[in-house]
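Please read them with the sequence and the structure side by side.

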Amino acid sequence: MELKIETKHKSEMIELTDMVHEAVIKKGIKSGIVTVFVPHTTASIILFENIDPQLRRDFLEALGRIAPANLSYHHQGENAAAHIKSALCGARVVVPMENAKLQLGEWQGIFLCEFDGPRTRRVIIQVVNG
Ligand code: ZN
């Protein structure tokens, strides 16, 4: 299964929890191990708190302090900071599914992190039934 996500900003977080759940349910799968993966080097998939949007701003700003966009980097492109953020955050999460429900914690959501947008991002979802 694959999602296509159009990001709108240079840097943003987009919650995918409902889209992932729907995609898995549509396949008739009720339990298993769900992997959500992004095949890009300037975006990430993470689990993050999904109630307070301000916390997403805090997170993106914290990453900006680790890899500021305005430093000089060895990378030929303009997007070294985005590559670094993507590597730190990772390309995938794994979530157990039981009784047709993703077994996420009360405050957990699945997020696509865009670090070099706007772009069209592919998100690959796979399930190992069990
Ligand atoms: Zn690059």
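1. The buried residues of helix α3 are covered by parts that include β4 and α2, where contact means heavy atoms within 4.5 Å. Helices (H or I, at least four residues) and strands (E, at least two) are DSSP runs, numbered from the N terminus. In α3, which spans residues 80–89, the buried residues are Ala80, Ala81, Ala82, Lys85, Ser86 and Cys89; buried means under 20% relative accessible area, exposed over 50%, and partly exposed in between, with a 1.4 Å probe and protein chains only. Just after α3, Gly90 takes a positive phi of about 90°.

2. A word on the basis of these notes: this is a predicted model, in which local features need pLDDT of at least 70 and side-chain atom pairs count only at pLDDT 80 or more, while totals for chains, interfaces and linings use all residues. Residues are numbered from 1 along each chain as its sequence is written, and side-chain values use heavy atoms, with hydrogens and water left out.

3. The strands β2, β7 and β4 make up, in that order, an open sheet of three strands with antiparallel pairing; two strands pair if DSSP finds at least two bridges between them. Its edge strands are β2 (12–15) and β4, each of which pairs on one side only. Neighbouring strands here are turned by 35° against each other on average, direction ignored, the axes being lines fitted to C-alpha atoms (for helices over the stretch in contact), with angles that run from 0 to 180 degrees between N-to-C directions. Between β2 and β7, which run antiparallel, there are four bridges, and Glu12 stands opposite Glu114 in β7. Helix α2 packs on this sheet and touches β2, β4 and β7, its direction making about 135° with that of β4.

4. An open sheet of five strands, also with antiparallel pairing, has the order β1-β8-β3-β5-β6. At its edges are β1 (2–6) and β6 (101–102), each pairing on one side only. Six bridges join β3 (residues 32–37) and β8 (residues 120–129) in the antiparallel sense, and Val36 has Ile125 of β8 as its bridge partner.

5. How many aromatic pairs are there? The count comes to two, under the rule that rings of Phe, Tyr and Trp (its six-membered ring) pair if their centres lie within 6.5 Å, with planes under 30 degrees apart counted as stacked, over 60 as edge-to-face and the rest as tilted. Phe48 and Phe59 form a tilted pair, at 4.9 Å centre to centre and 40° between the planes. Because Phe48 lies in strand β4 (residues 43–49) and Phe59 in helix α2 (residues 53–66), this pair ties together parts that are 11 residues apart in sequence. Phe48 counts as buried at 14% relative accessibility, whereas Phe59, at 22%, counts as partly exposed. The rings of Phe48 and Phe111 have their centres 6.2 Å apart and their planes at 90°, so this pair is edge-to-face. With Phe111 in strand β7 (residues 108–114), the pair links parts that are 63 residues apart in sequence. Phe48, Phe59 and Phe111 form one aromatic cluster.

6. Why does the structure hold zero disulfides? A disulfide is a pair of cysteine sulfur atoms within 2.5 Å, and the sulfur of Cys89 is 5.3 Å from the closest cysteine sulfur, in Cys113, which is too far for a bond. Cys89 counts as buried at 17% relative accessibility, and Cys113 counts as buried at 0%.

7. The largest nonpolar core has 21 residues, and those with the most contacts inside it are Leu16, Val20, Ile45 and Ile110; such a core is a set of buried Ala, Val, Leu, Ile, Met, Phe, Trp, Tyr and Cys residues joined through side-chain atoms within 4.5 Å. The elements that give two or more residues to this core are β1, α1 (17–26), β3, β4, β5 (92–98), β7 and β8. Leaving aside neighbours within four places in sequence, Leu16 is in contact with Ile5, Ile45, Ile110, Phe111, Leu112 and Val123. A second, separate core of 10 residues includes Met13, Leu60, Cys89 and Phe111.

8. Thr17 lies in helix α1 and counts as buried, at 11% relative accessibility. Not counting residues up to four places away in sequence, Thr17 touches Leu102, Leu104, Gly109 and Ile110.
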